[in-house]
Amino acid sequence: MSSPDPQVRAARNPSTSPVVRGPVVAVTGAASGVGALLTERLAESDEIRQVVAIDERRGECASAQWHILDVRDPAIAEKLRGADVVVHLAVDLDLGTDSAARSAYNVRGTQTVLTAAAAAGVHRVVLCTSAMVYGALPDNELPLSEDAELRATAEATGVGDLLEIERLARRAPRAHPGLNVTVVRPAILVGGTDTALTRYFESPRLLVVAGSRPAWQFCHVEDLCGALEYAVLEKVDGELAVGCEGWLEQEEVEELSGIRRMELPSAVALGAAARLHRIGLTPSPAGDLAYTMYPWVVSGSRLHDAGWRPLWTNEEVLAELLEEVAGRHTLAGRRLGRKDATAAGAAGATVALLGTAALVRRARKARGRR
């Protein structure tokens, strides 16, 4: 007689059932965005014992253990007890959020999670910032290594918060011996995201600042989740950059997108973006334009050395982004005409309004010649 099927044998004798001995992982911001995708991914993994999901509302992952609370609540320490790893994704980078409220939430939330994790005996916290912290500068190397100096300033949307989170990450192991902190820095994130950089592609023309040297590198949210999982499983640690292989030059982006450029002098573009932001027509400060002017491409060498590879190319991610933003053109007569003017990023709004202003000037000149 043949021996019983292994699954039947396990059912008859529960003591022989396979036991998942992987980590218990807590994810903050688990109900939406990257947090929801990562929660589902980890819940389906054979290498993860249990997922603890934390957010201000319950998400859709039925197999996770949910706790509903604000990450700034010190009570989170009790919810983290028993977790081996915490992935902190409850960070607000919404363009429509008041900047002071956003910073208070992001910084206080990260401080609370790090302190609570240490108090609960968690041995690893994974934070997610952005490759924007390296800064977009004309003398940046192509690509930047993970160890490159963080030269960004707080002039772009949310970057000040991200730099403060980076500082908290560096201080945490000294303040809490035994706590390991890993920081993951994605390139331009695409896949259900809405940022000043994804809104750049909503414009009828791509703003190009004269004399600039853009280099475009994207990161699909699926690849970011894969990198976060590598960090959770301790396949890699430290400061990690993640993105597609290589980058696209501005000319390649224009050819692939089919969107023509509008080239402006630096003083005009930056001055107009600053004015539009100051009078409340755009949510993005002029500092966001630097990230469309100069390179901030990352190598991702540490993840590569650990065996991780992106599933998406820059060309594929750009195609998905263009599909996502189709029909969302930031035309001055449409989206900026609404009461909620936060519908357009600085770059798109600058293109739209300067284009409109140029038409008005030409019309005035034509009337003056009559």
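Trainee: How much space lies in the largest pocket?
Mentor: About 1,100 Å³. Keep in mind that this is a predicted model.

Trainee: How many residues line that largest pocket, and which lie nearest its centre?
Mentor: The lining has 42 residues. Nearest the centre are Val91, Asp92, Leu93, Asp94 and Leu189.

Trainee: Which one gives the most?
Mentor: H2, with four residues.

Trainee: And the make-up of the largest pocket's lining, by class?
Mentor: Nonpolar residues number 23. Another 13 are polar, and six are charged.

Trainee: Switching over. What volume does the second largest pocket have?
Mentor: About 300 Å³.

Trainee: Which residues are closest to the centre of that one?
Mentor: Thr97, Ser99, Arg102, His277 and Pro283. They belong to a lining of 23 residues.

Trainee: Which elements give two or more residues there?
Mentor: Helix H4 (99–120) and H5.

Trainee: Where does the largest share of the second pocket's lining come from?
Mentor: From H4, which gives four residues.

Trainee: How does the second largest pocket's lining split by class?
Mentor: There are 11 polar residues, nine nonpolar and three charged.

How values were computed:
Residues numbered from 1 in each chain as written. Predicted model: local features only at pLDDT ≥ 70, side-chain atom pairs only at ≥ 80, totals over all residues. Heavy atoms only, no water. 1 Å grid on protein atoms, 1.4 Å probe; cavity = no way out; pocket = protein on both sides within 12 Å on 5 of 7 lines; lining within 4 Å. Points joined across faces, edges and corners; volume = space filled by probe spheres on them. Nonpolar A, V, L, I, M, F, W, Y, C, P; charged D, E, K, R; others polar.
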